[in-house]
Amino acid sequence: MTDQTVPPFVLTAARTAAGTLTLVLCGDLDYDSSDDFLKSAAGHLEALPGLRHLHLDCTRVTGFDSTALSALLMLHRRTAAVGTQLHLDHRPPGMQRVLEITGTLGHLTGRPAGTPENTRDRTSS
């Protein structure tokens with residue numbers, strides 16, 4: 001019998017430069033993990049007043065659903081309120097597809113749909 005255990009969602013913070021924080025997301029960002037993701041990301045945002053850029057490294061996101069999209073929209077609302085630019089780096093194809101279909105990609109990244117930079121906010125770490 002195979003192990004059907006789903007690995008937990010993990011969020012790791014890495015301060016990459018002054019005024020910049022990168023949160024590395026790993027696992028399924030979905031109904032089960034979205035609340036914890038939002039609480040953790042918002043906690044980092046509150047703990048670092050004056051943060052100019054919040055990068056979410058999505059390289060290792062394995063699942064993404066409508067609840068995750070809602071959490072990203074709520075996080076964007078919080079970052080915009082304090083003047084922090086939200087970046088969605090290294091988006092996997094499934095996440096990219098949801099963001100494009102829902103028309104939220106440009107809203108979340110601050111870039112209009114169809115620009116070449118839209119596929120990945122950053123292509124290297």
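This is a predicted model: local features need pLDDT of at least 70, side-chain atom pairs count only at pLDDT 80 or more; totals for chains, interfaces and linings use all residues.
Colleague: Take helix 1 to begin with. Which of its residues are buried?

Modeller: The general point comes from helix geometry. An α-helix has 3.6 residues a turn, so residues three or four places apart point the same way. In helix 1, the buried residues are S34, F37, L38, A41, A42 and L45. Viewed down the axis of helix 1, they fall within an arc of 120°, so they line one face of the helix.

Colleague: What does the face turned away from the buried side carry?

Modeller: That face of helix 1 holds the exposed residues D35, D36, K39, E46 and A47.

Colleague: And what do the buried residues of helix 1 pack against?

Modeller: They pack against strand 1 (10-17), strand 2 (20-29), strand 3 (53-64) and helix 2 (66-81).

Colleague: How does the span of helix 1 compare with what its 14 residues should give?

Modeller: Helix 1 covers residues 34-47, and at 1.5 Å a residue it should span 20 Å. Its end C-alpha atoms are 20 Å apart, which agrees.

Colleague: Now the sheet. In what order do the strands come?

Modeller: Strands of a sheet pair through backbone hydrogen bonds, either parallel or antiparallel. Here four strands form an open sheet in the order 1-2-3-4, with mixed pairing. Strand 1 and strand 4 (85-89) are at the edges with a single partner strand each, so one side of each has no neighbour in the sheet. From one strand to the next, the twist averages 20°.

Colleague: How many bridges join strand 3 to strand 4?

Modeller: Five, and the two strands run parallel. H55 has H87 of strand 4 as its bridge partner.

Colleague: Is strand 4 mostly covered or mostly open?

Modeller: Strand 4 is mostly covered, with four of its five residues buried. Helix 2 lies across strand 2, strand 3 and strand 4, and runs at about 175° to strand 3.

Colleague: Which residues have the most contacts inside the largest nonpolar core?

Modeller: L25, F37 and L56 do, in a core of 27 residues. Strand 2, helix 1, strand 3, helix 2, strand 4, helix 3 and helix 4 each give two or more residues to this core. Take L56 as a case: leaving aside its neighbours within four places in sequence, L56 is in contact with L23, L25, F37, L72, L75, L86, H87, L88 and D89.

Colleague: Which residues of helix 3 are buried?

Modeller: M95, Q96 and L99 are. These cover an arc of only 100° around the axis, which puts them on the same side of helix 3. The face turned away from that buried side carries the exposed residues P93 and I101. The cover over the buried residues of helix 3 includes strand 3, helix 2, strand 4 and helix 4.

Colleague: What follows helix 3?

Modeller: G103 does, and its phi is positive, near 75°. T104 lies in the loop between helix 3 (93-102) and helix 4 (105-109).

Colleague: Why does T104 count as buried?

Modeller: Its relative accessibility is 10%, and buried means under 20%. Leaving aside neighbours within four places in sequence, T104 is in contact with L69, L73 and L99.

Note on methods:
Residues are numbered from 1 along each chain as its sequence is written. Side-chain values use heavy atoms; hydrogens and water are left out. The expected span of a helix is 1.5 Å times one less than its number of residues. Buried means under 20% relative accessible area, exposed over 50%, partly exposed in between (1.4 Å probe, protein chains only). The arc is that of the directions from the helix axis to the C-beta atoms. Contact means heavy atoms within 4.5 Å. Two strands pair if DSSP finds at least two bridges between them. Axes are lines fitted to C-alpha atoms, for helices over the stretch in contact, and angles run from 0 to 180 degrees between N-to-C directions. A nonpolar core is a set of buried Ala, Val, Leu, Ile, Met, Phe, Trp, Tyr and Cys residues joined through side-chain atoms within 4.5 Å.
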